[in-house]
Amino acid sequence: MVRAIRGAIQVDADDRDAIIEATTELVSTLMERNQLTTDDVISVLFTATPDLTAEFPALAARKLGFHEVPLICCSEIDVPGALPRVVRLMAHVETDRPRADIQHVYLRGAVALRQDIAQ
């Protein structure tokens with residue numbers, strides 16, 4: 001089955017190392033909580049709020065071994081009052097887990113975005 005898994009993390013600053021570190025934490029946590037390997041991942045769409053421009057979040061996934069997985073980065077729409085410095089992702093994966101067992105991952109300040117499903 002193909003499932004989509006969502007996640008987000010708030011980054012400390014618009015700094016290359018901060019973006020890579022936070023995105024690494026997000027991707028690693030999502031993979032661990034859902035017991036996935038890179039072979040299970042079909043593709044990953046990353047978005048970043050307009051205030052994060054120092055690095056592409058997908059670079060962190062490449063550094064984690066996502067060499068053969070299609071990745072793309074986009075800019076999140078600039079909504080007034082939105083939480084700043086957030087990297088979001090939507091991963092499409094192959095898994096036998098039922099939809100109810102998928103664990104979406106919201107970390108740091110991004111927990112406020114989806115308190116209903118944040119782990």
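**The cavity and its surroundings**

Analyst: There's 1 cavity of 30 Å³ or more in this structure (grid points, 1 Å spacing, protein atoms alone, where a 1.4 Å probe fits but cannot get out). Keep in mind that this is a predicted model, with pLDDT of at least 70 needed for local features and 80 or more for side-chain atom pairs, while totals and linings use all residues. Numbering starts from 1 along each chain, and side-chain values use heavy atoms, without hydrogens or water.

The largest cavity comes out at about 40 Å³ (the space filled by probe spheres set on joined points). Its lining (an atom within 4 Å of a point) is made up of Val27, Leu30, Met31, Val41, Val44, Phe46, Phe66, Leu89 and Ala91. By type, that's 9 nonpolar residues, with no polar and no charged ones.

Between S2 and S3 the chain runs through helix H2 (residues 58–63), in a right-handed β-α-β crossover (clockwise with the strands pointing away from the viewer).

Now for the charges: the structure has 5 salt bridges (a Lys or Arg side-chain nitrogen within 4 Å of an Asp or Glu carboxyl oxygen). H1 turns up again here. Its Glu21 meets Arg108 at 2.9 Å, N to O; because Glu21 is in H1 and Arg108 in the segment after S5, parts 87 residues apart in sequence get tied together. Arg108 bridges to Asp12 as well, with the closest N and O atoms 3.8 Å apart, and that pair spans 96 residues, Asp12 being in the loop between S1 and H1. As for accessibility (buried under 20%, exposed over 50%, partly exposed in between), Asp12 is exposed at 59%, whereas Arg108 is partly exposed at 30% and Glu21 is too, at 40%.

Arg88 is in S4 and Glu76 in the loop between S3 and S4, so parts 12 residues apart are tied together. Arg88 is buried at 16%, while Glu76 is partly exposed at 23%.

Methods: Helices (H or I, at least four residues) and strands (E, at least two) are DSSP runs, numbered from the N terminus. On a 1 Å grid over the protein atoms alone, a cavity is a set of points where a 1.4 Å probe fits but cannot get out, and a pocket is an open set with protein on both sides within 12 Å along at least five of seven lines; lining residues have an atom within 4 Å of a point. Ala, Val, Leu, Ile, Met, Phe, Trp, Tyr, Cys and Pro count as nonpolar, Asp, Glu, Lys and Arg as charged, and the others, Gly among them, as polar. Buried means under 20% relative accessible area, exposed over 50%, partly exposed in between (1.4 Å probe, protein chains only).
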